[in-house]
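Reader: I would like to go through the terms used for this structure and see what each one rests on. Could you set the values against the definitions as we go?

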Amino acid sequence: MKKLFVLLALLLLITSQAQARLVIEITEGVEGALPIAVVPFKWSGDPARPPSQGIGRIVAADLRRSGYFKLLAENQMLARPATMADVDFRDWRALKQENLVIGNIEPNGPGGYKVRFQLFDVYQESQLIGYSFTTTEKDLRAIAHHIADLIYETLTGTKGAFATRIAYVVSEGTLNAPKISLRIADSDGYNAQTIVSSIEPLMSPAWSPDGRKLAYVSFENGRPSIWIQEVFTGKREKITSFKGINGAPAWSPDGRYLAMALSKDGNPDIYIMDLARKKLRRLVRHWAIETEPSWSPDGRKLLFTSDRGGSPQIYQVLVTGGNVQRLTFENKYNARASYAPDGKSITLITRIGGQYRIGVMDLETGSITVLTDGKLDESPSFAPNGSMIIYATRHGGKGVLAAVSTDGRVKQRLALQSGDVRDPVWSPYYK
Amino acid sequence: MKTLRILLLPLVLGMLVLSGCSSTGTKDGAEGGAGSGMAGEGGTSTSAAGGGGSWTGSPLDNPDSLLYEKVVYFDFDTAEIRPEYVDTLRAHAEYLVNTPSARVVIEGHCDERGSREYNIALGERRANSVKRFLEAEGVSPVQIDTVSYGEERPVDPGHNEAAWAKNRRAELVYQ
């Protein structure tokens, strides 16, 4: 009976959460990924009052999503150890697992928890890392993402990006009475919060390099203007509201400048604003459309979209305004490009056989690899470690977010319960 | 029929100018016009207007006037005005020239394909294309304003060619 009650309580918890979050569905499997077992963390407090979040499962979901790991299904585990003394490495070798993660959660004062985890090399029978954290209910998911980051970095040598966030736009309501909101959520789609809502369009969120501010375009009062809003306080400031287009804001890597598209002088060109002095400088001037600026990680170059050659293509320009160079030649429509964190490749929207898809272009070879297979995929944005790209796509008749590993091996959807979701952008690491 | 309309138009416009535009359509009139249009039946105001220039509201709300048409549609990824909209836009130009107090905002829109910010730029190009047409017909630039909503405000929520064709448009919104 007691067991049944716990189960019911859990079910209630799951359903009540389902309404507020994104659901992650892995849409493609992985070949050649590293086999790892993450044992559900043991709860050593009152069995009737477990913590709200299954930490081990969050860690497992993060690792699986990255594409680098193949997670052992829980029902295939021969044992569920919570301490090293309980681990029989032969069990895990028999299951062909290379790595094993175990953990434990115990109460730590009112509303507090102590979370401990260890990562083992199954063949060496040795611990690779082990940490213990104290935390509270509301930060349990954050701790789980942090643990996933530590495991990811230990096993791949690359910093993890699970403890980061995404910003995106949701459209609800009807055509005549739309409800548009700008939201931020954890990188797995949970903990979504609305930071701006409007009956007019909201577009093009862009994170400041410290992850503390968002620039975005709002059509409040019927005209586009660029705003900068502090994520944690909600305080905001209107940056531009010139005649015509005020669009496509993009922060310089040092956070001192905001590149943007303005059409105040006739047609859309790229401008750079010195944010401290509010001074504008026109970077690119041309009679064609110039929009969607995006800075190189070293801050010395910018990408932009221009149709000066007859169709939208990606160009690169020095931050001084010189040396404009066309980068894309492969398909007839290429737009919305941004650099990978290492600056060696760019992601973009590319049109193939009438379908708009997300591609990655190697800057050395100039060849575009198409990563997605939708018809209307858009708004690609790299994770801060370059391992994945989040983008907007359509599924089941509505706009959803999806992420694809940069090598194209793993795709997942982050499907909201209601509304049309679009314009995602991945946060940097918090500083 | 179309030629008849064009012939009648200056007449109707002239009458309105003469009457001092004292009867620029009331809100009720505007809504009535829209309502009867949607119902697909000749509503009372609609048939009265059809009767030969006895329309008392603004010609902008007269279903028999070319001015009633306030949307022009575009082909994919272009801002070129299709020949079938030239008459409509000329009628609007004439109205604006004859009504110097009239102000119009031209809204540019796109279908959902491709990049959102590029579509904002494309929508502006469409709005400007209509603006330039009106200016070439003699309309004062101070009467015209433009705004682009890109793909953010579709009229048809569908995801097919028929919906896209309806969404690639410029709307003349009189203030």
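Author: What follows is a set of questions about terms, each answered from the values.

Author: This is a predicted model, in which local features need pLDDT of at least 70 and side-chain atom pairs count only at pLDDT 80 or more, while totals for chains, interfaces and linings use all residues. Residues are numbered from 1 along each chain as its sequence is written, chains are lettered from A and ligands numbered from 1 in the order in which they are written.

Reader: Why is Gln76(A) called exposed?

Author: A residue is exposed if 12 or fewer other C-beta atoms, placed from the backbone, lie within 10 Å of its own, buried if there are 20 or more, and partly exposed in between. Gln76(A) has 9 such neighbours inside 10 Å, and therefore counts as exposed. Gln76(A) sits in the loop that runs between β4 (69-71) and α3 (89-94) of chain A, where helices are DSSP runs of H or I with at least four residues and strands are runs of E with at least two, numbered from the N terminus.

Reader: What makes α2(A) oblique to α4(A)?

Author: Helix α2 (residues 55-66) and helix α4 (residues 140-156) of chain A pack at an angle of about 45°, with axes 9 Å apart. Angles under 35 degrees count as roughly parallel, over 145 as roughly antiparallel, 65 to 115 as roughly perpendicular and the rest as oblique, so the pair α2(A) and α4(A) is oblique. The axes are lines fitted to C-alpha atoms over the stretch in contact, and angles run from 0 to 180 degrees between N-to-C directions.

Reader: Which residues of α2(A) and α4(A) meet, and how do they divide by class?

Author: Contact requires C-beta atoms, placed from the backbone, within 7 Å; the residues that meet include Ile58(A) and Leu63(A) in α2(A) and Ile147(A) and Tyr152(A) in α4(A). The residues of this contact comprise eleven nonpolar, two polar and two charged, where Ala, Val, Leu, Ile, Met, Phe, Trp, Tyr, Cys and Pro are nonpolar, Asp, Glu, Lys and Arg charged, and the others, Gly among them, polar.

Definitions and conventions
Two residues are in contact if their C-beta atoms, placed from the backbone, lie within 7 Å.
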